[in-house]
Amino acid sequence: MSGADERKVGSLRELSPAIEPARDLWPQIEARINAERSTAAPPRPARARAVPPRWLAAAAVVASVAVGVWIGRSLLPASRPGAQSPNTASRASFADAPTALDVAYVSDPRYQRDRAALMKTLQARLAALPPPARAKVMASLAAIQGAKQDLQNALGKDPGNALLQELLVNTYQDEMRVLTDVQASDPGRGI
């Protein structure tokens, strides 16, 4: 062949459709496929087939969820005798005795002690703040208290809900942040 006939082809579009192959390969390909089909093992009966992996995966997921629910239920604290029911807990005010949920999720004595100390000095610190800062703090504390009540009510209906539990803990942390910010604020300047 000459040098002009041996040029490199970069795309199938560059090939001429008029060139025919030297021989037809399809009869040989068909013969090979038929030979492989005839030597293949016959299919097993439906009863003897193995369980598909997707069914095994689904069973594993169901088992994991069941174990998680069982562990979650066994780790939830039981309400103590004489504790308020979820319906009466929703009516508890800010100054009332702690509800069963409070006892269950906020049992750290250090938290209780620190919060009580911050609440004791809150009114004096609020009085020293300028009116706009005082209004902002009071609005924040009211929003946090409302969120706590809503979360406690929701947890009373669904005590195993991990998202609600996490949101309640975050709300307690937000309350502590506001209280410590008020404590650390400069009385003349605000927060």
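Helix α5 passes α6 in a left-handed crossing, a term used where the near helix is turned anticlockwise from the far one by less than a right angle, clockwise being right-handed. The model is a predicted one, in which local features need pLDDT of at least 70 and side-chain atom pairs count only at pLDDT 80 or more, while totals for chains, interfaces and linings use all residues. Residues are numbered from 1 along each chain as its sequence is written, and side-chain values use heavy atoms, with hydrogens and water left out.

Of the 191 residues, 19% count as buried, that is, under 20% relative accessible area, with exposed meaning over 50% and partly exposed in between (1.4 Å probe, protein chains only). The chain exposes about 14,600 Å², and carbon and sulfur atoms supply 60% of this area; accessible areas come from the Shrake-Rupley method with a 1.4 Å probe, and for residues only the protein chains shown count as cover. Among contacts (heavy atoms within 4.5 Å) between residues at least 6 apart in sequence, 65% join residues at least 24 apart.

On the α5 side, R115, L122, L126 and A127 meet R134, V137, M138, L141 and K148 of α6. This contact has 6 nonpolar, no polar and 3 charged residues, with Ala, Val, Leu, Ile, Met, Phe, Trp, Tyr, Cys and Pro taken as nonpolar, Asp, Glu, Lys and Arg as charged, and the others, Gly among them, as polar.

Next come α6 and α7. Helix α6 (residues 131-157) packs with helix α7 (residues 162-184) at about 160°, the axes lying 10 Å apart. The two are therefore roughly antiparallel; that label applies over 145 degrees, with under 35 roughly parallel, 65 to 115 roughly perpendicular and the rest oblique. This crossing of α6 past α7 is left-handed. Residues of α6 in the contact include V137, L141, I144 and L151, while those of α7 include L164, L168, Y172 and L179. By class, the contact of α6 with α7 has 14 nonpolar, 4 polar and 3 charged residues.

The remaining pair is α5 with α7, packed at about 45° with axes 9 Å apart. That angle makes α5 oblique to α7, and α5 passes α7 in a left-handed crossing. Among the α5 residues that take part are Y111, L118, L122 and R125, and among those of α7 are Y172, M176, L179 and V182. The contact of α5 with α7 comprises 9 nonpolar, 3 polar and 4 charged residues.

R125 lies in helix α5 (residues 109-128). Its relative accessibility is 22%, so R125 counts as partly exposed. Although R125 and L179 are 54 residues apart in sequence, their C-alpha atoms are 9.8 Å apart in space.

Key. Axes are lines fitted to C-alpha atoms, for helices over the stretch in contact, and angles run from 0 to 180 degrees between N-to-C directions. Helices (H or I, at least four residues) and strands (E, at least two) are DSSP runs, numbered from the N terminus.
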